[in-house]
Structures are given as structure tokens and as C-alpha cells.
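Please read these notes with the model open beside you.

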Amino acid sequence: MRQITVVEDPGAAVAERLTAAALQGADIVLTGGSTPRGAYAIAAEEDADWSDATVWFSDERCVPPDHPDSNFGMAHRALLGRLTNPPRVMRMEGELGPEAAAGVYEALVREHLGNDPRFDLVLLGMGPDVHVASLFPGKPELEETRRLVVGVPIAGMEPQVPRVTLTLPVLNRARVVDFLIAGDDKAQAVARAFGDPPDPDAPAARVRPEDGSIFVFVDEAAAALL
Ligand code: 6PG
């Protein structure tokens, strides 16, 4: 099932969904980027009780957690560190380097969610090049079929630092995937990923949970070419 919702403030819609999932004690995957940051700030204002939830990450840059480029750092500043009742947080240790960090995170996911892990809610942004998490078009990480987490030695766009990312096999086992996309610079990418037919080379178009749902939240500017 896939549903595309065009709303004035997709960040607010996603913030509500994050809060609802947190209150249910879900395993929630957060992502990086500037669009999600707005949603996190709104969720922080709501200040729901997240203490039964577990927060994971879709991808990370290989920098220390207090570095300005850290996805965890951004989520911590915008949301996690502002909650009165924060969740359990499973961050990717990007500072270990791409391969080591991927190995450690894969073990963590398997330890907590088993060998066929299913996240309850995965939030993803999308780049203008149609990348999701740190799965960039044409890169080998996109073709991974076995591992749940891989290192990305060469990023497809700024910041040009190695990355760690969840892979399609685990994203496509999620119960729910929410895409949050805004701005006219994303209109072409939205059409490639979610148009009819979708571009089979677009990483975002390859996120299709076998037994789950996709909700795409976009503003009018990003939906202009759909
Ligand atoms: C990252 C993100 C990435 C992000 C998109 C969208 O580490 O860069 O996880 O996948 O979600 O690039 O980011 P914007 O909303 O900033 O365009």
C-alpha cells in the first residue's frame, strides 16, 4: 500500500506520526537532513512520553556525535535531547569508520530485533538525486541483498564523508515507511521516485516494504511534477 499526501506542512504531519508511534512504544528509525529537522522540532514541542519507544537511525556520517554533520547530533539537538521522557536511543557510531560502525550496528539490530528485524516506523527523507538514507544512485551499497547495515566509503553528495546506512533488505521489511519531502528542488526527484512509472534506478523507488505501507508526505512545491 502506498499513499501520497500533499500538505502545506508535511513536517507537522510527520511529527504527529512520530509522536503517535512513540506513545505506542515503537521501534522508530529517524533520518538526517534539514527537512526532518523541522519535523523533529515540532515533535519536541509536543513533548510526548517517548520512554517506551526505541529510536534507531537510517544512516550516519562518519564523524563524532557532536560534529555538526552528525545525523544523531542533529536529532539529539532538535528532538531527543529536548524530551522530558526520552526514548532508548540506538545511534550509529560513525566515528568508528564505515565498516566497523556498520558491523557494530548490524549486531545491535539483530540483538534487539532478531535476524529478520522489522522496524515499526521508518522515516526517510530524499535527496534531489533521489537517494534515501545513504543509498546513492548507482553505488554498490544499493545492491546489497544480505547485510542489514553497510559502510559507504564514498558518499554520493555533500558532506563528502564516508557513511553508514541501513540497506534495502531491512528497509523493505519495515511495517511502515514515511517519506518526508519538501521544496521545489525535490520536484523532479519526487516524480522519478513516485511517478508512474517510477524510475527503476531511483533508490527511493526501490523502497517497497513487502508486507508494509508507504506514506509519502510532500508539500505542493515538491509534488509539482507528479
Ligand atoms: C543524510 C540523510 C539523507 C537525507 C536526505 C534529505 O544523512 O544525508 O539521511 O538521506 O534524509 O538527503 O535531506 P534534506 O531533507 O536535507 O534534503
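**Notes on the model**

1. W56 and Y105 are both buried (under 20% relative accessible area with a 1.4 Å probe, protein chains only; over 50% is exposed, and in between is partly exposed). Their rings form an edge-to-face aromatic pair, with 5.9 Å from centre to centre and 75 degrees between the planes. Rings of Phe, Tyr and Trp (its six-membered ring) pair if their centres lie within 6.5 Å; planes under 30 degrees apart are stacked, over 60 edge-to-face, and the rest tilted. W56 is in strand β3 (residues 54-57) and Y105 in helix α4 (residues 98-113), so the pair links distant parts of the chain, 49 residues apart. Helices (H or I, at least four residues) and strands (E, at least two) are DSSP runs numbered from the N terminus.

2. This is a predicted model: local features need pLDDT of at least 70, side-chain atom pairs count only at pLDDT 80 or more, and totals for chains, interfaces and linings use all residues. Residues are numbered from 1 along each chain as its sequence is written, and side-chain values use heavy atoms, leaving out hydrogens and water.

3. F57 and F72 form another pair, which is edge-to-face because the ring centres are 6.0 Å apart and the planes stand at 70 degrees. F57 belongs to strand β3 and F72 to helix α3 (residues 71-78), so the pair ties together parts 15 residues apart in sequence. Both F57 and F72 are buried.

4. How many aromatic pairs are there in the whole structure? A search finds four. Ring pairs also join W56, Y105 and F119 into a cluster.

5. Two arginines lie over ring faces: R17 over F215, at 4.4 Å from the ring centre, and R91 over F72, at 5.7 Å. The test is NZ of Lys or CZ of Arg within 6 Å of the ring centre and within 35 degrees of the ring normal.

6. Strand β7 (residues 149-152) is covered on both faces, with V149 and G151 buried on one side and V150 and V152 on the other. β7 pairs with strand β8 (residues 163-166) in the antiparallel sense over four bridges; pairing requires at least two bridges found by DSSP. L166 in β8 is the bridge partner of V149.

7. K186 is in the loop between β9 (176-181) and α6 (187-194). Leaving aside neighbours within four places in sequence, K186 has contacts (heavy atoms within 4.5 Å) with T35, M126, G127, P128, I181 and A222.
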